[in-house]
Amino acid sequence: TTLTLARSEIASILEDQDVADPAEADEDTPVVRGTADKDREETFGVRRVERREGVPALYVVPWHGQTGTDINEEIYREMVEDIKAADPDYIVIEVDCEDYELGYFTELFPAEQGYTDINALDDYRRILDLFHDDLRDYKQVVWVKQAIGMASTLVLAWDTIYMRPGSNLEGAEKAAINFDRVKADADMFGKFREAYMGLIRGFALRSGRGNGYHHIVDAMILPEATLSATWKGREVQWELGTGGEYDIDRSSERVAKFTARTAENFGISSGTADNLDDVALLLGLREYDVIEASSREIFEDYVEDWRKTLERVEELAEDYQKHMSWAQGDEYITYFGRAIRDLEGILRCIRQYDAVRIRAAQQFGIQEQQIELQIKIMKEQLAAVRRGNRGAIGQGGRQAPGGGGGRVNPGG
């Protein structure tokens, strides 16, 4: 007979202890009968084993780093095919995102934050489509190690969420910066904000939860929005404002934040899991295997490659500036031609990865269409010079996207 208990219903757990002579055991000490295995790891009734017939398999999908760049449609579209080939029993989406805290990635790029532009919302929708549509035949759970930033809104798209002790759902208020661009126009401000918020509310609606669940998104993004909840039997009814029985967020100056405990108390999370053994336990599994090597390799290779490509963009931008400064006199054609090749190299890089295109625009002010136009202009000028028309020099050939004077200006 299998008895499944919620963690909150367990007062204490006594681990099995190997005892050579059962007669020497304390009356409160569980006794393992038979031959003791000194290497056996106690896991409270859950055991991870090598995959074999009949043992459920978990496919762990990494959602790590920054949303929009590390967490990008490109990488998960590639992973979908690997998931289908592995044919797991469960997909565990492991979320570990701290877009606005000083972590490894923000040390590399101090200005780096999760991608919150309205155009990013469509990218995020396509990621959700991959999991909810392309992988709809697989049982899926989200396991949150940390979700700070836009990732906290994406997490709400799943019905089954587990959180690690000490984890949080918070930090999405940075998305509200987008509204500042249109604040001067009161009519446009309202329309733009409602369109933006409507798209993000759609993430929460993908979970299939009702009872005003999507109001959580407003409270997590808009500082002025307050949030309260009322228990209706075993369900929670969410509402904006403080009219419910429990005030979740009563401040009009800061956004709502959920810890692992509050998320579980109000039914956002289905349980707290410190490790995959706990995840398996919450899923009701006694034995399980993990398919994670291929997914982590795919993810880590992608992150490493696009970041190296971004570094290459910066190198080419610096080369472009040097070559343009050297393009004078008898050396004009030589170095002007090299500057064109630098721009062509930048264009190949930003077309190779969406993440590079996004980050190159944010960090260096480099836009694909501007680069294309600049290459066209410079090639026409170079051709004119070669035909003997020296007057073509200076008719825009030294102007580059992101800055004037023949410079690709970071942040321009």
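Why is strand β3 largely enclosed by the rest of the structure? Seven of the nine residues of β3 are buried, so the strand is largely enclosed by the rest of the structure. Here, buried means under 20% relative accessible area, exposed means over 50%, and partly exposed lies in between, with a 1.4 Å probe and protein chains only.

**Before starting**

This is a predicted model, in which local features need pLDDT of at least 70 and side-chain atom pairs count only at pLDDT 80 or more, while totals for chains, interfaces and linings use all residues. Residues are numbered from 1 along each chain as its sequence is written, and side-chain values use heavy atoms, with hydrogens and water left out.

**The whole chain**

Display the whole protein as a cartoon. The protein has 12 helices and 12 strands; these are DSSP runs, numbered from the N terminus, with helices being H or I of at least four residues and strands being E of at least two. Of its 412 residues, 48% count as buried. Contact means heavy atoms within 4.5 Å. Among contacts between residues at least 6 apart in sequence, 68% join residues at least 24 apart.

**Strand β2**

Select residues 57–64, which form strand β2. Eight of these eight residues are buried, so β2 is largely enclosed by the rest of the structure. Show the side chains: A57, Y59, V61 and W63 point one way, whereas L58, V60, P62 and H64 point the other way.

Two strands pair if DSSP finds at least two bridges between them. At this pairing, A57 stands opposite D289.

**Strand β3**

L58 stands opposite Y90, and H64 stands opposite D96. To follow the chain from β2 to β3, select helix α1 (residues 73–86); this β-α-β crossover is right-handed. A crossover is right-handed if, with the strands pointing away from the viewer, the path from the first strand over the helix to the second runs clockwise.

Next, select E94, which lies in β3. Is E94 buried or exposed? E94 counts as buried because its relative accessibility is 3%. Not counting residues up to four places away in sequence, E94 touches V60, V61, P62, W63, H64, W143, K145 and R296.

Then bring in residues 139–148, strand β4, which pairs with β3 in the parallel sense over nine bridges. V95 has V144 in β4 as its bridge partner.

**Residue L199**

Move to helix α5 (residues 186–205) and select L199. This residue counts as partly exposed because its relative accessibility is 43%. L199 touches I118 and L121, not counting residues up to four places away in sequence. The C-alpha atoms of L199 and Y124 are 9.9 Å apart, and the two residues are 75 residues apart along the chain.

**The cavity**

Finally, select N72, E73, D123, D354, R357 and I358, which line the largest cavity. On a 1 Å grid over the protein atoms alone, a cavity is a set of points where a 1.4 Å probe fits but cannot get out, and lining residues have an atom within 4 Å of a point. The volume of the largest cavity is about 30 Å³, a volume being the space filled by probe spheres set on the points, which are joined across faces, edges and corners. Helix α11 (residues 354–364) supplies the largest share of the lining, three residues.

Key:
1 Å grid on protein atoms, 1.4 Å probe; cavity = no way out; pocket = protein on both sides within 12 Å on 5 of 7 lines; lining within 4 Å.
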